[in-house]
Amino acid sequence: MSIGHEADPETVGGSAHDDESDASLMGRAAGGDPAAFDDLVLRWKNRVFRLALRFFRRPEDAEDVTQEVFMKVYRTAATYRRDAPFEHWLLRIATNACRDRLRLTRRRPEEILSALTPDAGAWLDRALSGVALQAQQAEAAKEAAVELLATLPPKDRAVLVLLDLEGLSAREVAAATGSTRAAVKVRAMRARRALRRLALGRKGGGGS
Amino acid sequence: MNCRRTRKLLRRAAGGEIADEARRHVESCPACAIEARAHLLLWLGSERDEGALVRPGFEQRLRARLQAETTVARSSAWNGGFERLVRPALAAAAALVLVCAGLYVQVAAPQGGGDLASLLETDPVFTSVLTVDPDAMFADPNMTAATDEP
């Protein structure tokens, strides 16, 4: 699974249970051992945080989502089945948390397009055409791209991010989103079509 | 290079950087050019610092949030329990009052006066009503007065 267990600098040598498996730690956490839960947080917090950063530009928002994820892990520790990999379970909770928050902040395309400044639109067009931009222009182009992506349905966006940016397989995305492999493929196709429409909508538009 | 391979490369493009062979194909294929734009849009809007770490003190903040949540859950559980106990208790008390009132009425009523049969026998109002001539009861008093006149 590409969510992969990364050795974060903070976790190296930072825990008394470095060799203990996630499943075993979860078992102890479910039994009310706070140290086991702390170890899990230490292991996975940055992975979840980085996933949240894919959806939320502000680190405060990403951290807030990360906290919500671990609160859910804490509350539902007893429901974790040891036969399923912990990272699948965690990724599912994280994806749902990101999706729920995206749902709250989702905006309508016409709202976004009218809110984009002509400059930001033009820089985004140039960025999408592969033209190198100055730092400030590149930042404005990114902001515009973030705004445009906010118009995608959260579930579609989550599938695209997991497949195309996180490098997960369709089977892994299905496990993370609670659907089937076929459903993930159909959703990805639909999401890519919407993304192409958004990218094309910017082509030639945007003014100066 | 064909479109299928190009799109695969586009999706694998790390940091928005497209491989040279894919770039050459994109320049000559309008459909893949659109695909490249779409992928770049996704990448631009989802870009992150690959080495990003949560701020120090994350565990403490998480613990504080968990404790706050536990406190709220406990107080709402207490309120819920209070509700669950008080409501049935009030209903039971109301039912008890009604039963007591019924018993009191039964006990306080005069002996033999509680049922309709004995009421018919003993109550003067009922007796007078029953003994009166029905014709006289429904007769028009004006008509009676007229026939009495000479």
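I take a helix to be a DSSP run of H or I with at least four residues, numbered from the N terminus. By that rule I placed A:Val69 in helix H3 of chain A, residues 59-75. I note that this is a predicted model.

**Entry on A:Val69**

Leaving out residues up to four places away in sequence, I listed its contacts as A:Val48, A:Ile93, A:Ala94 and A:Ala97. I also looked up A:Leu91, which is 22 residues from A:Val69 in sequence, with 9.3 Å between their C-alpha atoms.

**Entry on helix H4 of chain A**

I next checked the length of H4(A), residues 86-105. Its 20 residues, at 1.5 Å a residue, should span 28 Å; the end C-alpha atoms lie 29 Å apart, which agrees. I then recorded the buried residues of H4(A), among them A:Phe86, A:Trp89, A:Leu91, A:Ala94, A:Ala97 and A:Leu102. What covers the buried residues of this helix includes H1 (22-30), H2 (34-55), H3, H8 (154-165) and H9 (170-177) of chain A.

**Entry on the contact between chains A and B**

I found 33 residues of chain A and 26 residues of chain B in the contact. On the side of chain B that touches chain A, the elements giving two or more residues are helix H3 (30-46) and helix H4 (58-108) of chain B. I noted that H3(B) gives the most to that side, with 12 residues. By class, I recorded 13 nonpolar, 3 polar and 10 charged residues on the side of chain B that touches chain A.

Key. Residues are numbered from 1 along each chain as its sequence is written. Chains are lettered from A and ligands numbered from 1 in the order in which they are written. This is a predicted model: local features need pLDDT of at least 70, side-chain atom pairs count only at pLDDT 80 or more; totals for chains, interfaces and linings use all residues. Two residues are in contact if their C-beta atoms, placed from the backbone, lie within 7 Å. Ala, Val, Leu, Ile, Met, Phe, Trp, Tyr, Cys and Pro count as nonpolar, Asp, Glu, Lys and Arg as charged, and the others, Gly among them, as polar. The expected span of a helix is 1.5 Å times one less than its number of residues. A residue is buried if 20 or more other C-beta atoms lie within 10 Å of its own, exposed if 12 or fewer, and partly exposed in between; C-beta atoms are placed from the backbone.
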